[in-house]
Amino acid sequence: MLISTDFSGLFNERFFRNFLPIPAANQIPLGFLTPDFQLPDITNNTLIKLSNYRNKQPVLLAFTRIFTEKQYCPFCYPHIKSLNENYEQFQNRGIEVLMVTSTDERQSQIVVRDLGLKMPLLSDPTCRVFRTYNVGQALGAPLPAQFVLDQEGRLRYKHLFSFLDHNASVEKLLEQYNAIAKS
């Protein structure tokens, strides 16, 4: 469900911590290793550590904006659906897609079920990883962003949210991996 009139669970500590607008200010230079983190993967009921992918396979970090299990950002909902529908394209190229959300584990379980997510959905309710990557925040949730990491874990492309260009398309993200493969 894209939008619901049920706002229960919306006004919580996370909402108020992320209410004031802070623009995205990610300063990780292209070619540098991205910060490591460890978060629960709600889709597969495991714990994911980003550094475990280093020297094994490329990773797409897709930070998304979900307010509650019933309230999705209208810019992010189509992006989540598109990444999920095209997850096999990334997998077939040896790329793992890690979607990071600020919903708690209970809310994230409902999101996984309701959207039939195949890709790992990582729960970061404290927004620690969102802040580490400086993706910004506004109106109760961190802003979306996408980071293309090569097999070594180095940043090769980043897309930060703007109202003119919300999320990088699946085509744009796959294009970035094609460019990495050619270099």
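This is a predicted model: local features need pLDDT of at least 70, side-chain atom pairs count only at pLDDT 80 or more; totals for chains, interfaces and linings use all residues.
Start with strand E3, residues 59-63. E3 is mostly covered, with 5 of its 5 residues buried. In a regular strand, side chains alternate between the two faces of the sheet. Look for that here. Val59, Leu61 and Phe63 point one way from E3, while Leu60 and Ala62 point the other way.

Now find the neighbours of E3. Strand E6 pairs with E3 in the parallel sense, over 5 bridges. Within E6, Glu96 is the bridge partner of Val59. Strand E10, residues 145-149, runs antiparallel to E3 and is joined to it by 5 bridges. There, Val148 stands opposite Leu60.

Next, the cores. In soluble globular proteins, nonpolar side chains tend to be buried together. The largest nonpolar core here has 30 residues. Leu60, Ile80, Leu83, Phe90, Leu117, Met119 and Leu173 touch the most other members. Both strands and helices supply this core with at least two residues each, among them E3, E6, helix H2 (76-85) and helix H6 (170-182). Take Leu83 as an example. Leaving out residues up to four places away in sequence, Leu83 touches Leu60, Ala62, Phe90, Met99, Met119, Val170 and Leu173. A second, separate core holds 21 residues, including Ile28, Phe63, Cys127 and Leu155.

A search of the whole structure finds 1 cavity of 30 Å³ or more. The largest cavity holds about 50 Å³ of space. Its lining includes Thr34, Tyr53, Arg54, Val59, Leu149 and Asp150. The lining residues divide into 4 nonpolar, 4 polar and 2 charged.

Note on methods. Residues are numbered from 1 along each chain as its sequence is written. Side-chain values use heavy atoms; hydrogens and water are left out. On a 1 Å grid over the protein atoms alone, a cavity is a set of points where a 1.4 Å probe fits but cannot get out, and a pocket is an open set with protein on both sides within 12 Å along at least five of seven lines; lining residues have an atom within 4 Å of a point. Grid points are joined across faces, edges and corners, and a volume is the space filled by probe spheres set on the points. Ala, Val, Leu, Ile, Met, Phe, Trp, Tyr, Cys and Pro count as nonpolar, Asp, Glu, Lys and Arg as charged, and the others, Gly among them, as polar. A nonpolar core is a set of buried Ala, Val, Leu, Ile, Met, Phe, Trp, Tyr and Cys residues joined through side-chain atoms within 4.5 Å. Buried means under 20% relative accessible area, exposed over 50%, partly exposed in between (1.4 Å probe, protein chains only). Helices (H or I, at least four residues) and strands (E, at least two) are DSSP runs, numbered from the N terminus. Contact means heavy atoms within 4.5 Å. Two strands pair if DSSP finds at least two bridges between them.
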